[in-house]
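Subject: Structure handover and notes

Hello,

Please read the notes with the coordinates open.

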Amino acid sequence: MREQHPGADDAPQSTGSTSRPAAPKPRRALLLAAVAAVVVLADLATKTIALSRFSAHEPIAVLGEFLQFTLWFNSGAAFSMGTGMTWVFSLIKLAVIGYIAFLARRLRSTGWAVALGMILGGAAGNVIDRIFRPPYLLNGEVIDWIQLPNWPVFNLADSSIVCAGVLAVLLAFRGINIDGTREGDDADPAEASDGAGGESRQ
């Protein structure tokens, strides 16, 4: 028979659950790229349809005067502003695209992945026009085709950037950071777990 030691079976068994660090949130770079790709493809497709079916500066009523489709060749910046400095705004958009690509390695928030993907796709959609439409060399005319009352004619790329800005404000208001953490958190989950494990061993 196996010799029984008093209290041996009564000793608490350590599961190690308190010292296990929390798994880091996965990166969201692929989600960002997917959202950007959808925005770019949708923007290019709708611009192609507008060019083939609409006549320049001739509104087509969709919902009366509230929503009209009007083909417009925008030689300025966003919403037809900044005519004559198109290349400057094109360079700014290229810088934004590069910065978002740089942030992608820190991205662990789904909300920020969607917001940045929409900004990236919107900026890329209009930059494509600047590069590949006459007069080219970052001065190409952007195809706009959506018109609302008292608002400049715009396109899906512009809409994506504006909606992304609203989403970014909401995320910032809720204290959600790009890396998935929240403002006001006392400590990183992994650090908190390690601290709890250290206290249990004292």
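This is a predicted model: local features need pLDDT of at least 70, side-chain atom pairs count only at pLDDT 80 or more; totals for chains, interfaces and linings use all residues.

Residues are numbered from 1 along each chain as its sequence is written, and side-chain values use heavy atoms, with hydrogens and water left out.

Overall figures

The chain has 5 helices and 3 strands. Helices (H or I, at least four residues) and strands (E, at least two) are DSSP runs, numbered from the N terminus. Read from the N terminus, the order of elements is α-β-β-α-α-β-α-α.

Of its 202 residues, 32% are buried. Buried means under 20% relative accessible area, exposed means over 50%, and partly exposed is in between, with a 1.4 Å probe and protein chains only. The accessible surface of the chain is about 12,600 Å², and carbon and sulfur atoms hold 64% of that; the areas come from the Shrake-Rupley method with a 1.4 Å probe, and for residues only the protein chains shown count as cover. Among contacts (heavy atoms within 4.5 Å) with a separation of 6 or more, 66% are between residues 24 or more positions apart.

Strands

Strands count as paired if DSSP finds at least two bridges between them. Strand β1 (residues 60-63) runs antiparallel to strand β2 (residues 67-74), and 3 bridges join the two. One of the residues involved is Ala61, whose bridge partner in β2 is Gln68. The hairpin of β1 and β2 has 3 residues between the strands, and Gly64 takes a positive phi near 60° there.

β2 also pairs with strand β3 (residues 142-147), again antiparallel, over 5 bridges. Here Trp72 has Asp144 of β3 as its bridge partner.

Helix α1 and the cores

The 25 residues of α1 should span 36 Å at 1.5 Å a residue, and the end C-alpha atoms are 36 Å apart, which agrees. The expected span is 1.5 Å times one less than the number of residues. Buried residues of α1 are Leu32, Val35, Ala36, Val39, Val40, Asp43, Thr46, Lys47 and Ala50. An α-helix has 3.6 residues a turn, so residues three or four places apart point the same way. The buried residues of α1 pack against β2, α2, α3, β3 and α4.

A nonpolar core is a set of buried Ala, Val, Leu, Ile, Met, Phe, Trp, Tyr and Cys residues joined through side-chain atoms within 4.5 Å. In the largest one, of 14 residues, Leu32, Leu107, Trp112 and Leu116 touch the most other members. Two or more residues each come from α1 (29-53), α2 (86-103), α3 (110-132) and α4 (156-173). The most come from α3, with 5 residues. Beyond its neighbours within four places in sequence, Leu32 contacts Ile100, Leu107, Ala113, Leu116, Gly117 and Leu120. Another core lies apart from this one and has 8 residues, including Ala50, Leu67, Ile143 and Ile146.

Asp43 is in helix α1 and is buried, with a relative accessible area of 0%. Neighbours within four places aside, Asp43 contacts Gly125, Asn126, Asn155, Leu156 and Ala157.

Thr46 is also found in α1. Its side chain reaches the backbone oxygen of Asp43 at 3.0 Å. With neighbours within four places in sequence left aside, Thr46 is in contact with Trp145 and Leu156.

Arg182 sits in the loop between α4 and α5 (189-201). Arg182 counts as partly exposed because its relative accessibility is 38%. Not counting residues up to four places away in sequence, Arg182 touches Arg174, Gly175, Ile176 and Asn177. A polar atom of the Arg182 side chain lies 3.5 Å from the backbone oxygen of Arg174. Arg182 and Leu171, 11 residues apart in sequence, are 9.8 Å apart C-alpha to C-alpha.

Regards

Definitions and conventions:
A polar contact is a pair of N or O atoms within 3.5 Å; within protein, one must be able to donate a hydrogen and the other to accept it, and residues adjacent in sequence count only if both atoms are side-chain atoms.
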